[in-house]
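Here are my notes on the model you sent.

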Amino acid sequence: MIEKKQSAFTRTAIYVLLIVLTTITLLPLVWMFSASLKLDSEVFTVPIKWLPETFHWENYPKVWEKIDFATFSFNSIKLTVIITIIQVITCSFAAYGFSKCNFRGRDTLFLCYVGTIAIPWQTYMLPQYSLMRTLGGVDTHWGYIALQAFSAFGVFLLRQFYQGIPNELLEAARIDGLSEYGIYARIVLPLAKPALTTLTIFTFVTIWNDFMGPMIYINTESLKTIPLGIRMFLGQYSTSYELIMAASVMSLLPVFALYIPCQRFFVQGVATSGLKG
Amino acid sequence: MANKTIQGTNRKISLNTRNTVVGLSFILPNFIGFALFTLGPVVFSFILSFMKWDGFTEMTFAGLKNFQKIFGDKKFLESLGHTFYFAFFTVLFSMTAALALALLLNRKVKFVNFFRSSIFFPYVASVVAISCVWKAMFMENGGVINSALQMIGFAEDMLPGWIASTKWAMPAVIIVSVWRNMGYFMIIYLAALQDIPTSLYEAAEIDGASKWQQFVRITFPMLTPSHFFVFMMLTINSFKTFDMIFLMTEGGPGTATQLLSMYIYNKAFISWDYGVTSAASMILFLIVATITVLQFRVEKKFNDFM
Amino acid sequence: MKMKRIAAAGLTAVMAASVLTACGGATSSSSGSTGTSSSGSTGTSSSGSTASGEQVTLKVSLWDATSNPADLAAIEAFEAANPDIKIDLIDIPSNDYNTKLNTMLNGGSQLDVFFIKQADSTKSFYDKGQLLDLTDYIAESGVDLSGFNGTADGFAFNGKQYGLPVRTDYYVLYYNKDLFDAKGIAYPSNDMTWTEFEKLAGELSGDGNYGAYMHTWQAMAYNWGIQDGKNTVLSYETGYDFVKPYYEMLLRMQDAGYIQDYGQLKSGNIHYSGAFAQGNVAMMPMGTWFLGTMKSKVESGEAKFNWGVATLPHPDGVEAGYTVGASTPLAINSATKNADAAWRFVEFMTGEEGSAVYAKEGYIPARSDSTILDTVAANEGMPEGLAEALQTKNIVPDRPIADHVGDVDLVLGEQHSMIMLGEATIDDALADLTSQVKDIMEG
């Protein structure tokens, strides 16, 4: 990269800075982890105890027992993966239409997309639910998938990236006789890899952590997801924070497992594409 | 339609039609789902903003009454103000932090992946869990943050009350929000940074430009598309923030952290007044739409200028 | 252009669909409420056929079912007694119960029977036509409403009964016997005023112990203000002067360190059950729903002290035994297709059999008398003298079943935090509250 030889001093300073920043950022995670190993009554004490007196590892199996974590994890993974795939495909398709095809009404239509992003879900939750009930999608996985898979946000995100791809490049391809679909598949898609990864991570995390959606739409125990399971602990009359924290730690693992290999591809994949802006 | 037109314009029209068909074929797979499950309900609620409806019994036409109602409501205006306050600082600080972190981590250091992943972590963690943690950290006496402030020499009576004080609650939720956002946007900036051709820096180096000059003249302007994008995403998200604040402060103390999204939620699920709910949403929509359009304008101008 | 037209057509279709469903819900509800009498009269014959005939599944919604053994036990008992009816329980996290319940009811016949978490919201369900009129069923089955000690009256509108209470919880005073013994102070009596309570708390405070624990709810001031039954949380015309003495008491106790600081409790997400179980709190006014929780906390070893229960302290000039409480009603969705089976469920749960199950699990059913209270107190692990402490003269509903209670509650909560955090004086906060509630009630 850009740096030449750096002095030992700058190097050390950078490391110290990084370590401090990372520690601060991770502090809540550390607290979460330590709380997950405590007794209920030990979780909130003044001053904060970073180390539990005795490590209550049994909190983890307890979570496993109390909520059907295996089923919930399976559901979470299933829904998240399916929705992410559909979203990335349909959004990348639509974004091409919005950024690289010219037709009347395009911008008006796009403004509709952007507009809905700004409207809180609570506003149209009821009509949406009525509609879904008519279609028989309430309390089914396909119903939830149908709700989440066609995100306006994804289209918006990808369109912004596609706009950075120079039109001259596409014109050249058109002159070479490539159809619009060919241009999309052969030119735009490879160039948009980083954008697609951004959307993948964004969608994955959003759906993975989505709580309100499954809460409203899913009733059957065997169809529930992890955030719903976590929320089950948060009952007004039974607050077991150590279990909530244990469940949270557990729910983090799959996302992390996805992120770490993805991250490499993501940042390095961009460097090789070398075209944007 | 095409048959009736004269030969000359025929080609043009068919080209137009073809363009439309091709364009639509790209959009349609997404649009069908979007129109059915999002746009439809949204348009329905747009209509609702001119109606009086409790969600169950018959609705009646209300004209502009709902809008009159919200603009006469002190709480609405207050939450509108809070929303701007929250969004402004969240966007500003998140962008700054994300960019700074991206610059810091865009180099060959050991464990760079570990550092990047750690900074990214807050974005992934479940809101339910992190809001519990932050609440405990913001405790006035004995909380991690105030203990740390005390250690670096703040007098006890100078310590902020954070979420237990009307003045500091908003800064507290902004801090959490920035903490959550910065990792994700850092990644977006990182991706863009790697796209800046190294030759530009090499040339600048030869010209004897300092690191700071390189940043101002090369890095910052080269990141323009990312700035716009990050700004837009952050703006939309901050205007919609609900969960985190609801879990951390419930809009309190008093109404100190009540945002528009919470006002909307309360009107929908406590007052059962869908007309007012929709009217308030329309205002939110107008604000974000205005910002979006302005942003597009500026971006276009900027691109032409470049 | 073409595209626009297609889009417009699509939109219209979608909107028409949603409008239709919305209106459909409304019409079916109105026809439902008028048609009830006829379905009630045919009820005898059809209920006879269901009893012998095919299996019916009832969808019943409930919050935090896993942490509430009594509801599950009662439902199990019902299923055992009625093999032709299966209960499909929809368990919803308590914090989201109202949101989800309302969305589901909006979706028509998703539900057959539902528990109402906040009794005061019953009125809004009624207003929206979502409750089935139970009057004819009650007459036909010969249900004796007097067994509910008046707690069923709140669920009657315009002379018709729309819900029956399952449980009635009310406030009592929990105390830690060990802390009293250590100081050589006599246990709280069943006849104590709030003034005496405050004094006692002072004597018990110190050495890292707190004389009392007051949870962060606004109920900790308002409940005592309305305990005499003269005012409600909607009585804005009084300027809310009836809560003022209790706010003064709370602030005095907070400043003197008799109770934990409100701000700390809030930031720390402190839950009263954990706070009391820690063992450094001498007294805690709390609802009877906590009996079962406390019992299990002792059994699991999380709370390591002897505990007792006394009648809730009362204001000066009010008789002992006046307390504040709330009922949990069961209601039938007006859009249900299984009205008869649903009624059998409601009848069982609110009747003698259901009540007995609740009492056996340590919860106080709405249909209650001294035998029931004895059963509750006789549960293993319940403290001595519980049956006497549970005796009541009058249970004032914590919130009236009326319009706008939800909105008012929100404002009460906002001003409560302002007072308790010292961000506003009591007078200013109550004045602000009065004007806001006035706007809500008159607007």
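1. Helix α1 (residues 8-35) of chain A and helix α4 (residues 112-124) of chain B have axes that come within 9 Å and cross at roughly 35 degrees. Axes here are lines fitted to C-alpha atoms, for helices over the stretch in contact, with angles running from 0 to 180 degrees between N-to-C directions. The crossing of α1(A) and α4(B) is left-handed, meaning that the near helix is turned anticlockwise from the far one by less than a right angle. Helices are DSSP runs (H or I, at least four residues), as are strands (E, at least two), numbered from the N terminus.

2. This is a predicted model: local features need pLDDT of at least 70, side-chain atom pairs count only at pLDDT 80 or more, and totals for chains, interfaces and linings use all residues. Residues are numbered from 1 along each chain as its sequence is written, while chains are lettered from A and ligands numbered from 1 in the order in which they are written.

3. Which residues make the contact? From α1(A) come Leu18(A), Thr22(A), Thr25(A), Leu26(A) and Leu29(A); they meet Phe115(B), Ser118(B), Ile119(B), Phe121(B) and Pro122(B) of α4(B). Contact means C-beta atoms, placed from the backbone, within 7 Å. The set divides into 7 nonpolar, 3 polar and no charged residues. Nonpolar covers Ala, Val, Leu, Ile, Met, Phe, Trp, Tyr, Cys and Pro; charged covers Asp, Glu, Lys and Arg; the others, Gly among them, are polar.

4. Chain B has 13 helices and 2 strands. Its radius of gyration is 25 Å, well over the 19 Å that the globule rule gives for 306 residues, so chain B is more spread out than a compact globule. The radius is taken over C-alpha atoms, and the rule is 2.2 Å times the number of residues to the power 0.38. The C-alpha atoms of chain B fill a box of roughly 85 × 65 × 30 Å along the principal axes.

5. Chain B is divided into domain 1 (2-48) and domain 2 (65-305). The bounds come from an automatic or database domain assignment. The centres of these two domains of chain B, over C-alpha atoms, are 36 Å apart.

6. Chain C puts 33 residues in contact with 36 residues of chain B. On the chain C side, α1(C) gives the most, with 11 residues. That side divides into 9 nonpolar, 18 polar and 6 charged residues.

Methods: Two residues are in contact if their C-beta atoms, placed from the backbone, lie within 7 Å.
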